[in-house]
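Subject: Handing over a structure

Dear colleague,

I am passing the structure below on to you, together with some notes on what was found in it. Please read the notes with the structure open beside them.

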Amino acid sequence: MSSLHRLFIRTFTLSGYSSHKMSETNRLDTWNERWEQGRTGWQKTEVNFALKNHGNALFPSPGRRVLLPLCGKTLDLKWCYDEGHHVVGIEGIEKPVADFFTEHNIPHSIDQLSWAKLYKSEDSRLQIFCCDLFGIDVKAIGKFDSVFDRGSLVAIYEEDRERYAELMKSILSEDFRYLVNLVQYTPTENFSGPPRNIPTALVEKLFGDKVSIEVLETLNRTEEDPKVKGTWGLDSMFEVVALLSPKK
């Protein structure tokens, strides 16, 4: 599921947060260029292990409404759809959205909304909004029973984390389940992401007012991923799967 291109954050003001100065056009153009040129090493050819191993925790009941933020064209979308859930993706670049429906031969329609371009299956059970994540219409998009965050929190800029958490919390239903993949390592001068280091304590700080956090799985990626010690020059890296649920 998706995607180092997810680090882009377009200029937006939300709940009192100031707009960023970096050009939103430049940020989007960077990732649009990579999709156009096929430089998409983040795109996986199989469903993410966290869904396979912990899908029952994310979906404690059938027919859940699930959000995959900054989804690209991840196979996780199709997996959730095939499991019978109501699937919503949000993605800033249109090419992977269009490619997703074409590659999976899913009949669909395209609607131009005031704040997004909406691709949706004929049964409307699979929808992907092509827009700025921070520019979504919160009321229009509605609440979510489940969220699968494989590559959003680890990709966004540090200064955007608080407003990202506030946005996510604002669209959760009362009985939500939120599955998030975290990457944990000691940043260096040569590498600080993406994927960015997200300690479990940071998740507690960002979401702890509303959620309880349970670590479901921890994988040592140090030896199996040659980039860790090679390209990135890190001593070690771990991937942690955590489940967020309503705070008791």
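Which residues in helix 4 (residues 94-103) are buried? They are P96, V97, D99, F100 and F101, where buried means under 20% relative accessible area, exposed means over 50% and partly exposed lies in between, with a 1.4 Å probe and protein chains only. Helices (H or I, at least four residues) and strands (E, at least two) are DSSP runs, numbered from the N terminus. Helix 4 is followed by N105, which has a positive phi near 50 degrees.

Please keep in mind that this is a predicted model, in which local features need pLDDT of at least 70 and side-chain atom pairs count only at pLDDT 80 or more, while totals for chains, interfaces and linings use all residues. Residues are numbered from 1 along each chain as its sequence is written, and side-chain values use heavy atoms, with hydrogens and water left out.

Turning to a pair of helices, the axes of helix 6 (residues 161-170) and helix 7 (residues 200-207) come within 9 Å and cross at roughly 60 degrees, the axes being lines fitted to C-alpha atoms, for helices over the stretch in contact, with angles from 0 to 180 degrees between N-to-C directions. That makes helix 6 oblique to helix 7, since angles under 35 degrees count as roughly parallel, over 145 as roughly antiparallel, 65 to 115 as roughly perpendicular and the rest as oblique. On the side of helix 6, R161, E162, A165, M168 and K169 meet L202, L206 and F207 of helix 7, contact meaning heavy atoms within 4.5 Å.

In strand 6 (residues 144-149) you will find D149, which is buried, with a relative accessible area of 1%. Its side chain makes polar contacts with the side chains of Y164, at 2.8 Å, and of Y178, at 3.1 Å; a polar contact is a pair of N or O atoms within 3.5 Å, where within protein one must be able to donate a hydrogen and the other to accept it, and residues adjacent in sequence count only if both atoms are side-chain atoms.

Some backbone details also deserve a look. Most residues other than glycine have a negative phi, and most peptide bonds are trans. L70, however, has a positive phi of about 50 degrees and counts as buried, at 0% relative accessibility, whereas S124, with a positive phi of about 60 degrees, is partly exposed at 32%. The peptide bonds from G193 to P194 and from P194 to P195 are cis, with omega near 0 degrees.
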